[in-house]
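Biologist: I am new to this structure. Could you walk me through the model?
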Amino acid sequence: MREGEEGMQQNQLLMIPGPTYVPPRILSAMSAPMINHRGPEFQAMYREVQEGLRTVFGAQGDLVIYPSAGTGGLEAAVANFFSPGDRVLAVTVGVFGDRFATIAERFGLQVERLTEEWGRAADPDRIARRLAEDRTREIKGILLTHNETSTGVANPLREIARVREGHPALLLVDAVSSLGALELKAQEWELDVVAVGSQKALMIPPGLAILALSPRAWQAAEEARLPRFYWDVLAYRKNFEKQSTPYTPAVPQWYALREALRMVAEEGLPAVYERHALLGEMTRSGVQALGLSLLAEAGRRSDTVTAVRVPPGVAVGRLRQALREDYGVVVAGGQGKLAEEVFRIGHLGCISPMDILSTLAALELALSSLGHPVHLGDGVAAAQKVLAGRKAR
Ligand SMILES: *Cc1c(COP(=O)(O)O)cnc(C)c1O
């Protein structure tokens, strides 16, 4: 590590779509001493965490909490609910939708991909038509990314959930970059499986994957024949009444989750959603005022991550480097085929409007220094206007 690098990191503004900034309150909660994971202290924490998660997911019953990256949650969502050869409809509009589909293929499912051009959202009517054609009910599951982090698109989850009507397919949702930032109501919207990772809007370090299941999903898990052991939700269910987990839980991560859920309760879930809507709108207004264009189609732009096309003549790598080295602002690059085309600003979790203003100010300076003509202050001013408008309401 170069001298001073550690100090730099302390002052870095981390504006990537996960891992996100972890507030000091959560970091200090994580440094508590270890406890017996089969003892009464853990049981008390288990109850509090489950109660908090039910609120944030809008779910019933206990949730399954794995020590894992978010992708483990996606694998669990595939492994637990199907049998070899089952057909699933994978709705994919970017990198994470593709990943969900690939997991299902590896598990030997018949995967039918319903794709859209990157930057566009999934179309509820197309999904409705495909389900209507499926008169023999071959499709056992629909895999859907709520918020496609690679393109900055928020899919219309509630509408898609509705178009299933009488079709029995389970709806499995990757909500890794949306839960706790964008509205999601598992029970009311009849989502069967909702998978989440800890390091995005939930504001805690990487290391937990969480699954919320509907009663229909629990039933499917009992009938499903795909092999699984570590991911088996039924092993978790056996431990629910003991307020425990089948294998050693990531105790420090649980401390963090408990603290994060307290923070969400203090701010209030509606206020959390409103703050993210504000951050999203400020970011979009700011970058557009600089003459930059957004990848995502209008009306479906995510309030947790914004994918911005780099202007001609500016290399993504150079822009990100200037932001990081000269201004201490860290943004993400593009993923997959978008690697050279976009950079992404994450604005989820413990992020404030002032963080957006700082990011835009740095972006203006970095673009200028790379010879791209911008009028300093235009992006910041546009975002300020959004903020002032919200405050005035
Ligand atoms: C981050 C992310 C994931 C994967 O999370 P990992 O913890 O990196 O495995 C999956 N889906 C979406 C939509 C994400 O944003």
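Modeller: Let us begin with glutamine 243, which counts as buried at 19% relative accessibility; buried means under 20% relative accessible area, exposed over 50%, and partly exposed in between, using a 1.4 Å probe and protein chains only. This is a predicted model, in which local features need pLDDT of at least 70, side-chain atom pairs count only at pLDDT 80 or more, and totals for chains, interfaces and linings use all residues. Residues are numbered from 1 along each chain as its sequence is written, and side-chain values use heavy atoms, with hydrogens and water left out.

Biologist: Where does glutamine 243 lie?

Modeller: Glutamine 243 is in the loop between helix H9 (233-240) and H10. Helices (H or I, at least four residues) and strands (E, at least two) are DSSP runs, numbered from the N terminus. Phi of glutamine 243 is near 50°, a positive value in a residue other than glycine.

Biologist: What is the general rule for phi and peptide bonds?

Modeller: Most residues other than glycine have a negative phi, and most peptide bonds are trans. Methionine 203 also has a positive phi, about 70°, although it is not a glycine. Methionine 203 sits in the loop between strand E9 (193-197) and strand E10 (208-213).

Biologist: Is methionine 203 buried or exposed?

Modeller: Methionine 203 is buried, with a relative accessible area of 5%.

Biologist: And which residues does a cis peptide bond join?

Modeller: Glycine 18 and proline 19 are joined by a cis peptide bond, with omega about -5°. Proline 19 is in the loop between strand E1 (13-15) and helix H2 (24-30).

Biologist: Changing topic, which residues are closest to the ligand?

Modeller: The closest are Thr71, Thr149, Asp174, Gln199 and Lys200, from a shell of 13 residues around the ligand; a residue is near a molecule or strand if one of its heavy atoms lies within 4 Å of it.

Biologist: What are the distances for the side chains of aspartate 174, glutamine 199 and lysine 200?

Modeller: An N or O atom in the side chain of aspartate 174 is 2.7 Å from a nitrogen atom of the ligand. A polar side-chain atom of glutamine 199 lies 2.6 Å from a ligand oxygen atom, and an N or O atom in the side chain of lysine 200 is 2.7 Å from an oxygen atom of the ligand. A polar contact is a pair of N or O atoms within 3.5 Å; within protein, one must be able to donate a hydrogen and the other to accept it, and residues adjacent in sequence count only if both atoms are side-chain atoms.

Biologist: How much of the ligand does the protein cover?

Modeller: The protein covers 88% of the 380 Å² of accessible area that the ligand has on its own, with areas from the Shrake-Rupley method and a 1.4 Å probe; for residues, only the protein chains shown count as cover. Helix H4 (70-79) and helix H5 (95-106) are the elements that give two or more residues to the shell.

Biologist: How many residues of H4 are buried?

Modeller: H4 is mostly covered, with eight of its 10 residues buried, among them Gly70, Leu74 and Val78. The cover over the buried residues of H4 includes strand E2 (64-67), H5, strand E8 (170-174), E9 and E10; contact means heavy atoms within 4.5 Å.

Biologist: What about serine 83?

Modeller: Serine 83 is in the loop between H4 and strand E3 (87-92). A polar atom of the serine 83 side chain lies 3.0 Å from the backbone nitrogen of arginine 225.
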